[in-house]
Structures are given as structure tokens and as C-alpha cells.
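Here's a quick briefing for anyone meeting this structure for the first time. Have a look at the model, then read on.

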Amino acid sequence: MNQKAALCKALLAGEVVSIMTGFKMMGTTNVPREIGRSIERAFDVEVSRTKKTGKTRYGGECNYYEYRLNRTQYNKDGIAKMYDYLKEH
């Protein structure tokens, strides 16, 4: 399974993907780029982004995003393409 297929599988399963989960689960080091390039543009779907705020290990503030696949009528055809892609890979 390649990174694109792993992202598809996670998003189709309803999982929330962030930079950390992308790195740990899929080996993707740049989730924001891959979501845009490999998912949204490749399958013509919309992925929602939720901004989160946290603290670093040193107490500083940090921001990151969580990504979810929107299960809307607009994404219906793209989701079907994603399932087809997973069957091939």
C-alpha cells in the first residue's frame, strides 16, 4: 500500500488525520500537501480542516490542523473514485 492509498483508507474509514497521525500511521511527513495534492485534486473531493491549538513540550503555543473527509453529496463521485483506487492498490 502506498501513502496515497493509506490516506484514502484512513479518510474513508472516518478517521481524523493530522500531521502526527499521518507520520505515525502512514509515513507521510507532509500531510497538508498530500491532502491537497493526492486527495482533493486527484479525486475532486473536499476535506475539512479544523484548526487546533496546543502546547509544545517547552510550554510554547503551537497550531496544527485535523483533516476529515466530508460525506456530502458534492463528494459522492470522488468518494467512489477513492474506493476504486483502493481496490487497485
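Which elements do the buried residues of H1 pack against? They pack against H2, H3, S2 and H4. A word on the source: this is a predicted model, where local features need pLDDT of at least 70, side-chain atom pairs count only at pLDDT 80 or more, and totals for chains, interfaces and linings use all residues. Residues are numbered from 1 along each chain as its sequence is written, and side-chain values use heavy atoms, with hydrogens and water left out.

The labels H and S stand for helices (DSSP H or I runs of at least four residues) and strands (E runs of at least two), numbered from the N terminus.

**Helix H1**
- Seven of the ten residues of H1 are buried, so this helix is largely enclosed by the rest of the structure. Buried means under 20% relative accessible area, exposed means over 50%, and partly exposed is in between (1.4 Å probe, protein chains only).
- The buried residues of H1 are Ala5, Ala6, Leu7, Cys8, Ala10, Leu11 and Leu12.

**The core**
- The largest nonpolar core has 20 residues, and Ile39, Leu69 and Met82 touch the most other members. Such a core is a set of buried Ala, Val, Leu, Ile, Met, Phe, Trp, Tyr and Cys residues joined through side-chain atoms within 4.5 Å.
- At least two core residues come from each of H1 (3–12), H3 (31–43), S2 (61–69) and H4 (76–88).
- H1 is the biggest giver here, with seven residues.
- Leaving aside residues up to four places away in sequence, Met82 touches Cys8, Leu11, Leu12, Ile39, Phe43, Val45 and Leu69. Contact here means heavy atoms within 4.5 Å.

**Helix H3 and what follows**
- In H3, the buried residues are Val31, Glu34, Ile35, Gly36, Ser38, Ile39, Glu40 and Phe43.
- Those residues pack against H1, H2 (19–26), S1 (47–55), S2 and H4.
- Just after H3 comes Asp44, with a positive phi of about 55 degrees, in a residue other than glycine.
- Asp44 sits in the loop between H3 and S1 and is partly exposed, at 47% relative accessible area.

**How H1 meets H3**
- Two packed helices are described by the angle between their axes and the distance between the axes.
- For H1 and H3, the angle is about 75 degrees and the axes are 10 Å apart. Axes are lines fitted to C-alpha atoms, for helices over the stretch in contact, and angles run from 0 to 180 degrees between N-to-C directions.
- That makes H1 roughly perpendicular to H3 (65 to 115 degrees counts as roughly perpendicular, under 35 as roughly parallel, over 145 as roughly antiparallel and the rest as oblique).
- Lys4, Leu7, Cys8 and Leu11 of H1 make the contact with Glu34, Ile35, Ser38, Ile39, Ala42 and Phe43 of H3.

**The strand pair**
- S1 and S2 run antiparallel and are joined by nine bridges; DSSP must find at least two bridges between strands for them to pair.
- Across the pair, Arg49 stands opposite Tyr67, and Gly54 stands opposite Cys62.
- The hairpin of S1 and S2 has five residues between the strands, and Gly59 there takes a positive phi near 90 degrees.
- Glu66 has its place in S2 and counts as buried at 16% relative accessibility.
- Not counting residues up to four places away in sequence, Glu66 touches Val16, Val17, Ser18, Ser48, Arg49, Thr50 and Lys52.
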